[in-house]
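Please consider the following structure together with its sequence. The explanation below is meant to be read with both in view.

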Amino acid sequence: LSRASIVQKRIIYFQDEGSLTKKICEQDSASEGVTDKPILDCCACGTAKYRLTFYGNWSEKTHPKDFPRRTNHWSAIIGSSHSKNYILWEYGGYASEGVKQVAELGSPVKMEEEIRQQSDEVLTVIKAKAQWPAWQPLNVRAAPSAEFSVDRHRHLMSFLTMLGPSPDWNVGLSAEDLCTKDCGWVQKVVQDLIPWDAGTDSGVTYESPNKPTVPQEKIRPLTSLDHPQSPFYDPEGGSIKLVARVVIERIARKGEQCNIVPDNIDDIVADLAPEEKEEDDTPETCIYSNWSPWSACSSSTCEKGKRMRQRMLKAQLDLSVPCPDTQDFQPCMGPGCSDEDGSTCMMSDWITWSPCSVSCGMGTRSRERYVKQFPEDGSMCKVPTEETEKCIVNEECSPSSCLVTEWGEWDECSASCGTGMKRRHRMIKMTPADGSMCKAETTEAEKCMMPECHTIPCLLSPWSEWSDCSVTCGKGMRTRQRMLKSAAELGDCNEELEQAEKCMLPECPIDCELTEWSQWSECNTSCGKGHMIRTRMIKIEPQFGGTACPETVQRTKCRVRKCLRGPGMEKRRWKEAREKRRSEQAKKNIDSEQYPVCRLKPWTAWTECSTLCGGGIQERYMMVKKRSKSTQFTSCKDKKELRACNVHPC
């Protein structure tokens with residue numbers, strides 16, 4: 001919502017009224033098709049040269065949610081100036097394989113190959129180095145830049161760079177038209193950038209594991225409502241905070257220009273000589289630090305010398321592609337000297353210092369050089385060819401002192417970067433005449449400073465997909481891995497390369513478990529044919545599709561003596577049964593008299609039958625009423641009886 005105000009004498013009028021308030025909605029580029037404006041033909045003349053400068057603004061301070069502290073970076077910038085017949089990428093379009101590799105891996109190799117295949121439609125390939133980490137102050141590291149040219153046919157420019165680590169997120173410009181409708185060339189473009197999704201990976205966080213989007217989706221800008229786990233998520237749906245800014249400035253125009261009105265007096269440049277610039281042939285798979293400043297020239301006079309600068313190899317993404325040297329040398333001469341000065345004397349290097357003129361005390365030493373080339377203008381050389389300085393050897397010259405040689409040259413610094421030590425040596429020429437020990441030092445050491453050491457980041461591949469669970473049912477473990485991309489010799493990497501977590505699958509089937517069969521019961525008749533049963537109990541019921549329980553009751557036939565017929569025989573059997581019960585009761589009474597301390601309660605009632613049909617069981621119990629404390633009566637225990645029930649078929 002944009003509001004304007006009218007202030008008069010510190011009183012605000014009309015702040016929220018009428019046309020002074022305007023609601024501006026974010027444009028959904030992805031839903032409006034491939035492009036929101038047609039690309040017109042260019043009518044400009046000649047060519048124009050531009051410089052692209054990329055200012056990353058993605059840091060933990062500006063985007064704190066889940067910010068990847070160790071591995072944050074911008075990949076190498078890749079792009080081109082091109083015609084309208086070739087589009088590198090666009091909202092609403094599908095990512096090419098080159099765009100996919102930049103978006104997912106940060107590798108510009110395939111993208112550059114695709115660009116160069118469009119040689120007739122491309123004027124300049126735009127390339128700039130990757131940035132590790134993503135953000136540093138400009139006084140520490142200069143913003144990456146690249147120069148390119150445009151002409152009437154190839155007046156558009158596009159570029160992209162990956163925001164890493166991320167699933168497939170990038171920033172960039174697509175088909176930015178640098179030709180004006182007045183047949184001139186745009187002087188300056190400043191564009192703030194938000195990230196966009198290449199539509200090839202469905203991850204929602206910076207370090208989501210690989211999850212290819214199938215089928216591939218269209219390129220679209222990220223929004224603050226994409227996913228609650230997204231680092232850019234805002235439940236109120238506000239706009240995403242900007243992650244970068246790109247500035248494109250025109251630095252020259254060449255050839256005859258046909259636009260009517262020049263931008264300003266200083267900008268009228270015609271037929272500029274082409275600027276020679278060495279093309280950086282460093283492979284994109286080699287990640288370096290910035291070059292250090294040039295060292296002082298090795299020559300302090302007008303003789304030829306060398307100066308050196310260094311850079312650190314941070315990572316080698318592809319070990320099969322060799323990386324160039326980390327040192328760069330350049331010829332130079334001392335202050336005030338120039339190869340273009342016709343009166344310059346070309347001198348040889350200084351010859352080594354002569355020995356000191358004395359072997360004890362203070363003396364002098366000298367060195368010489370000679371003229372290698374006299375001035376071209378015929379003048380005399382006024383540069384000195386001899387140099388003398390004082391020297392001290394063996395300050396004490398008494399008979400009890402050691403005589404030593406002069407110090408030799410300093411050894412190389414022990415460190416290739418940062419702080420190290422260097423040493424020099426001398427020898428004892430003569431020990432003291434009085435035979436005492438020589439106390440003179442023969443080795444001297446001091447600190448030396450080399451270019452600053454640079455931290456080498458761990459370059460890691462994205463996490464793999466989680467493995468299958470270690471079990472087929474129930475609780476188990478699963479793992480995922482990632483690989484170290486940077487070579488091991490570049491430095492120690494303490495990041496974990498494997499993770500494990502618990503996983504849960506549907507419960508394992510539990511089969512039915514039963515007790516052993518009981519003893520067969522007595523025959524259910526006192527004479528003739530009958531049957532006996534035996535039972536078993538269910539210990540564990542089946543669950544989650546386990547094996548069902550088999551039968552728990554079995555019956556078998558039994559045969560007792562033949563039954564005698566006639567009423568007298570029935571009466572006799574009844575009397576026999578009554579006598580049997582009486583004898584059993586008498587036995588119980590005798591037992592209770594012999595063991596008065598073991599008293600049992602009466603039998604409980606029979607329990608309900610375990611099944612309604614097909615044969616079940618019933619139980620009843622006789623519990624001990626009073627238990628003896630003496631070990632003599634250990635047989636005094638609770639009693640249990642079983643009987644069959646509901647034996648009729650179901």
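Predicted model: local features only at pLDDT ≥ 70, side-chain atom pairs only at ≥ 80, totals over all residues.

Residues are numbered from 1 along each chain as its sequence is written, and side-chain values use heavy atoms, with hydrogens and water left out.

Helices and strands are named here as DSSP runs (H or I of at least four residues for helices, E of at least two for strands), numbered from the N terminus. Helix H1 spans residues 97–105, and its buried residues are Gly 98, Val 99, Val 102, Ala 103 and Glu 104. Buried denotes under 20% relative accessible area, exposed over 50%, and partly exposed the range in between, with a 1.4 Å probe and protein chains only. After H1 comes Gly 106, which has a positive phi near 75 degrees.

In helix H2, the buried residues are Met 111, Glu 112, Glu 114 and Ile 115. They lie on the same side of H2 because they cover an arc of only 160 degrees around the axis, the arc being that of the directions from the helix axis to the C-beta atoms. The cover over the buried residues of H2 includes E7, H1, strand E8 (122–128) and E10.

Why does Glu 112 count as buried? Glu 112 counts as buried because its relative accessibility is 13%. Its side chain makes a polar contact with the side chain of Arg 116 at 2.9 Å. A polar contact is a pair of N or O atoms within 3.5 Å; within protein, one must be able to donate a hydrogen and the other to accept it, and residues adjacent in sequence count only if both atoms are side-chain atoms. Leaving aside residues up to four places away in sequence, Glu 112 touches Ile 78, Val 125 and Lys 127.

Charged pairs come next. The whole structure contains 19 salt bridges, each defined as a side-chain nitrogen of Lys or Arg within 4 Å of a carboxyl oxygen of Asp or Glu. One of them joins Glu 147 and Arg 51, with the closest N and O atoms 3.1 Å apart. This pair links distant parts of the chain, since Glu 147 is in strand E9 (residues 145–150) and Arg 51 in strand E5 (residues 47–56), 96 residues apart. Glu 147 is partly exposed at 22% relative accessibility, and Arg 51 is partly exposed at 31%. Together with Lys 49, these two residues are linked in a network of salt bridges.

Arg 154 and Asp 151 form another salt bridge, in which the closest N and O atoms are 2.7 Å apart. Arg 154 is buried, with a relative accessible area of 17%, and Asp 151 is buried at 12% relative accessibility. In a further salt bridge, between Glu 249 and Lys 188, the closest N and O atoms are 3.9 Å apart. Glu 249 lies in strand E15 (residues 244–254) and Lys 188 in strand E12 (residues 188–193), so this pair ties together parts that are 61 residues apart in sequence. Glu 249 is partly exposed at 32%, as is Lys 188 at 49%.

Two loop positions remain. Glu 207 is in the loop between E13 and strand E14 (220–221) and is partly exposed, with a relative accessible area of 40%. Its C-alpha atom is 7.1 Å from that of Pro 167, although the two are 40 residues apart in sequence. Beyond residues up to four places away in sequence, Glu 207 touches Pro 68, Thr 71, Pro 165, Trp 463 and Arg 482.

Gly 615 is in the loop between strand E34 (599–600) and strand E35 (616–622). Gly 615 is buried, because its relative accessibility is 4%. A C-alpha distance of 7.7 Å separates Gly 615 from Gln 554, 61 residues apart along the chain. Not counting residues up to four places away in sequence, Gly 615 touches Val 553, Cys 645, Asn 646, Val 647 and His 648.

Conventions:
Contact = heavy atoms within 4.5 Å.
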